Amino acid sequence: MRLDWIQWKRYAKSKKTLIFGMTDSVSHPEESLDPADWEAFRALAHRMVDDSLDHLKTLGERAPWTPLPPVVRAALTSEPLPRSPQSADRAYEEFLTNVLPYTNGNRHPRFWGWIQGNGTPLGMMADMLAAGMNAHCAGLDQAPKLVELQVISWLAELMGFPNDSSGILVSGGTMANVLGLAVARHARAGFNVRELGMQGTQEKLTVYASAEVHSWAQKAVELFGMGNSSLRRVPVDADFRIRIDALREMIAADRVAGCKPICVIGTTGTVNSGATDDLDALADLCAKEKLWFHIDGAFGALARLVPSLAPALKGIERADSLAFDLHKWMYLPYEVACVLVRDRKIHEATFSVTPSYLTDEGRGVIAGGLPFADRGVELTRNFKALKVWLSLKAEGVDKFARVIEQNVLQARRFAERIVKVPNVVLSAPVSLNVVCFRVAPPSLSPEQQDALNKELLLRIQETGLAIPSGSKIAGRYIIRVACSNHRSRWEDYEALASGIEALLMAGGLTR
Ligand SMILES: *Cc1c(COP(=O)(O)O)cnc(C)c1O
């Protein structure tokens, strides 16, 4: 017997009984997760927006980072599974007291640690709108697909890529780089990696990057089953740029040893010091050696928006694939990054799989296939493109370019200011927006200086003065101020410099 939906409901009702083991809707009202009282929910939702905006508006009045009080830590780690409702209002109150105040500080005007983004109020609202739409962004044929394709073509234009380039938005620079390297391997391995995997060759595939390459590259070659030893770390020059002569020699030596070089990774904006490799020279070398040219431009690529900075990135437009974040130096809320691939066919050939339940029928919801499922490894994806689209339209590219340039000028000015503090020396040239320095009183040994700088950094963070981060350059501990913050004003940098001076003076370390 075949029943249509109406007949089925009538049948179920007449039976007043269990169907497939479930109680029918007559004896038990059906539920959903929409609010029972939309007006009460609307009031709460408006409060959430107001509170978030108030918090953002007053960030600078608080310390950038506050250690988590033990009671809050306990409250957040020992709560039993909530089996019965506590109400949205109460849960939200707890968010306000226990969660919202305790972030790592990256939205604050005096945050310059690692390379982090600050987020924007418009980006926050765009993420809310995207969550409200809850669009499934594998590429189903609706407006969100077109918005993402539009954003990718804008980004390709900004990076000097051809307008028929391929690309996809992903969660971050790591994922964007991983996808780029996967395409590189597919294109240059010389055998069918998709079918055979790494068992398909006796040759060792090798990939080249400077010794300053970000840690994503090691994770990627390990994930791909190529092993950490397949990532060749090429020495850098005094400006922390990859040494082209050393790279050429390593490739030649590997070929002699029976390896198969497939890809060179160039970096614009190294994570330690913000250095940019000679991208033109790398593009020439890759063309000559028939290697894939991938660029990690996580934050550095955005400097291409600024006319005065773009020449230093010459050659970026020649990459086969380019990865960059929009949640770092384009300031948008986490998460969003992009990978561009010059050749769409190779990009899609790396990932595309079409199971019977996802076939393009030429019409209907799945018309045109699922372009984003074909350009990466994820199927269900959220609507990251909306915040990029809204922000670029609202502010215009030139506004972003001005704020990026402002950060570079702030970095240069801060470098000039911080070396006026007695015993402070720069540890790397300020090639972009990162200032690396170190307090080096001649009366202390290098090891004692390391300990001093580490202690100084922790006090700067813990006293709520500011958030720089630490690292090592040439084996020595350094303090790093990365200017990728659209909220910082010169007075914030000045506060850090004079705060450091005061801390050193208190320790008798300015002589
Ligand atoms: C931050 C960064 C990455 C990783 O990007 P995520 O967005 O954190 O995944 C890769 N490379 C460089 C140079 C970076 O600065």
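An oxygen atom of the ligand sits 2.9 Å from an N or O atom in the side chain of H327. That is a polar contact, meaning a pair of N or O atoms within 3.5 Å; within protein, one must be able to donate a hydrogen and the other to accept it, and residues adjacent in sequence count only if both atoms are side-chain atoms. Taken alone, the ligand exposes 380 Å², and the protein buries 85% of that. Accessible areas here come from the Shrake-Rupley method with a 1.4 Å probe, and for residues only the protein chains shown count as cover.

Before going on, the ground rules. This is a predicted model, in which local features need pLDDT of at least 70, side-chain atom pairs count only at pLDDT 80 or more, and totals for chains, interfaces and linings use all residues. Residues are numbered from 1 along each chain as its sequence is written, and side-chain values use heavy atoms, with hydrogens and water left out.

Back to the ligand. D325 places a polar side-chain atom 2.9 Å from a ligand oxygen atom, while D296 has one 2.7 Å from a ligand nitrogen atom. Which residues surround the ligand? They are G172, G173, T174, H214, W216, G269, D296, A298, F299, D325, H327 and K328, where near means a heavy atom within 4 Å. By class, this shell divides into 3 nonpolar, 6 polar and 3 charged residues.

Now the whole chain. The protein chain has 16 helices and 11 strands; these are DSSP runs numbered from the N terminus, helices being H or I of at least four residues and strands E of at least two. The C-alpha trace spans about 90 × 60 × 40 Å along its principal axes. Of the 511 residues, 48% count as buried. Buried means under 20% relative accessible area, exposed over 50%, and partly exposed in between, with a 1.4 Å probe and protein chains only. The chain exposes about 25,400 Å², of which carbon and sulfur atoms supply 55%. Among contacts with a separation of 6 or more, 72% are between residues 24 or more positions apart, a contact being heavy atoms within 4.5 Å.

In α12, residues 344-351, the buried residues are H347, E348, T350 and F351. Seen down the axis of α12, they fall within an arc of 150°, so they line one face of the helix; the arc is that of the directions from the helix axis to the C-beta atoms. They pack against β1, α7 (173-188), α8 (193-196) and β7 (337-341). What caps the N-terminal end of α12? D343 does, with a side-chain oxygen 2.9 Å from the backbone nitrogen of K345.

In α13, residues 385-395, A385, L386, K387, V388, S391 and L392 are buried. Their cover includes α5 (121-133), α6 (143-158), β1 (166-170) and α14 (397-418). G396 follows α13 and has a positive phi, near 80°.

Some single residues. E289 is in helix α11, residues 279-289. Is E289 buried or exposed? E289 counts as buried because its relative accessibility is 18%. Its side chain makes a polar contact with the side chain of R255 at 2.3 Å. Leaving aside neighbours within four places in sequence, E289 is in contact with R248, I251 and R255.

L456, in helix α15 (446-462), is buried at 5% relative accessibility. L456 touches V439, I479, I500, L503 and L504, not counting residues up to four places away in sequence.

Last, the backbone geometry. The peptide bond from Y334 to E335 is cis, with omega near -5°, and E335 is found in the loop between β6 (321-325) and β7. S87 is a residue other than glycine with a positive phi, near 85°; it lies in the loop between α3 (70-77) and α4 (88-99), and at 37% relative accessibility S87 counts as partly exposed. N134, also not a glycine, has a positive phi of about 45°. N134 is in the loop between α5 and α6 and is exposed, with a relative accessible area of 64%.

Note on methods. Ala, Val, Leu, Ile, Met, Phe, Trp, Tyr, Cys and Pro count as nonpolar, Asp, Glu, Lys and Arg as charged, and the others, Gly among them, as polar.
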